[in-house]
Amino acid sequence: METTAVVLGGGYAGVMAANRLAASKRPELNVVLISPEERFVERIRLHEYTAGTRKDPTVAFESLLHPGVFRLTDAAVGIDAAARTVQLAGGSTADYDHLVYAVGSGQTKVPDGALAISTRAGAEQARGALAALAPGSRVAVVGGGLTAIETAAETAYRHPGLRVSLHAADVPAPRVSAGARRGLARSLRRAGVEQRTGTPVSPSGNPRAAADADLVLWCTGFSVPDLARVSGLPTDHAGRLLVEPNLQGRGQPRIYGAGDAAVIAGPDYAYLRMSCASAMPMGAEAAANILRGLDGLPPVRHNSGFGGQCVSLGRSDGMVQFVRADDTPVRFHLHGRLAAAQKEIICRMTLRWIRGEAKRSGAYTWPKGPRMRTAAAAQGEAPALS
Ligand SMILES: Cc1cc2nc3c(=O)[nH]c(=O)nc-3n(C[C@H](O)[C@H](O)[C@H](O)COP(=O)(O)OP(=O)(O)OC[C@H]3O[C@@H](n4cnc5c(N)ncnc54)[C@H](O)[C@@H]3O)c2cc1C
């Protein structure tokens, strides 16, 4: 009997899931990938594209996807879980037997007068605005996370004639060790980035006036599409699809969630941050659980962890913070050219892992997660919702 798996979202999680399903060589399984972009967007390189270091942040889907994946360029506007259909912006409807919800994330609300770089469209706009600035103009990067730090350094190196500042409400890079943070501050100084720690820029009001800048790049975190919420599916406060430890949607065994747009409920998985590093394992695991289901086997709990946090600071400097499986930093961290090279290798490996999965279902493996703290999670049971 024919079975259709629909994957919503052509990012790291969605493409990995589609490949694992399609490469499993099951003639009865149709795999459909629905995404609004014509090409795969390497989001982890959008700061490079914004600054002008990289010409194109996209890759042809054909070079990444298993040839058996049927790709539809459209966006989902609603999911009817009872009818097992997805309504598309183009007016048509897609039927599914199994759904992978992997619609990713974008920028949190951006104030008027600032630009965000976390989507391709935003990065393109910011790139144009940066290129149009006169020498001596001031660029403020708002945010204290790794994306803001990478954007500030990349911009300063690529545009030495501009005055770049980083505005963090609190300590920048709060998740790395104190030693790694000191190294990051040194690198930013070397790049010519003025660090204004403890100077939050209010999202209400005029951000350019508040930051005393000609251009403001808003890098304060990600938010997710409201597709799950408007479809009446269980979500957390941020609108992420709530999934069980085995990645099945709460009360929705036919829907799996993966990547930034999904969250595993409960404290045991709180260490999983929105990242490419967790989106790919989640995508692969969601697909593997669908395949297990087709074989009459129960789904297994998701098990992924981290190995390091890699930051590029321009093209010849970087920082790698080695971490435990639960993403907490250890003392060991790398800086300089070696770290920059390590980050570049990781960026290239992401595409290689995706392509490897297109060749052989199950080829991609990932670091395992920490030991589960609650017995329920260890057995893959759903935690109670508070
Ligand atoms: C500048 C920058 C640097 C980063 N660096 C790193 C890094 O070094 N390491 C790291 O781990 N992470 C990094 N990240 C974060 C990382 O890019 C994301 O966490 C990752 O892209 C999440 O993958 P995803 O597949 O869940 O979503 P995405 O990659 O966002 O893909 C989601 C897909 O869903 C599609 N979509 C959206 N809405 C719909 C809809 N309604 N219907 C159908 N499709 C839809 C989108 O078009 C997109 O194709 C960085 C992010 C940025 C912006």
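**Around the ligand, and beyond**

With three residues, α8 gives the most to the shell around the ligand. This is a predicted model, where local features need pLDDT of at least 70, side-chain atom pairs count only at pLDDT 80 or more, and totals for chains, interfaces and linings use all residues. Residues are numbered from 1 along each chain as its sequence is written, and side-chain values use heavy atoms, with hydrogens and water left out.

**The ligand's shell**

- The ligand has 31 residues around it, and Ala-13, Arg-43, Ala-76, Asp-260 and Lys-343 are the closest; to be near, a residue needs a heavy atom within 4 Å of the molecule.
- α1 (12-22), β2 (29-35), α4 (146-158) and α8 (276-294) each bring at least two residues to this shell. Helices (H or I, at least four residues) and strands (E, at least two) are DSSP runs, numbered from the N terminus.
- Sorted by class, the shell holds 15 nonpolar, eleven polar and five charged residues. Here Ala, Val, Leu, Ile, Met, Phe, Trp, Tyr, Cys and Pro count as nonpolar, Asp, Glu, Lys and Arg as charged, and the others, Gly among them, as polar.

**Atoms that meet the ligand**

- Arg-43 has a polar side-chain atom 2.8 Å from an oxygen atom of the ligand.
- Ala-76 uses its backbone instead: a polar atom there is 2.9 Å from a ligand nitrogen atom.

**A salt bridge**

- Side chains of opposite charge can pair when their charged atoms come close.
- The count is 24 salt bridges, each being a side-chain nitrogen of Lys or Arg within 4 Å of a carboxyl oxygen of Asp or Glu.
- One of them joins Asp-97 and Arg-84, whose closest N and O atoms are 3.6 Å apart.
- Asp-97 sits in the loop between β8 (93-95) and β9 (98-101), while Arg-84 is in the loop between β6 (76-80) and β7 (85-88), 13 residues apart.

Conventions. A polar contact is a pair of N or O atoms within 3.5 Å; within protein, one must be able to donate a hydrogen and the other to accept it, and residues adjacent in sequence count only if both atoms are side-chain atoms.
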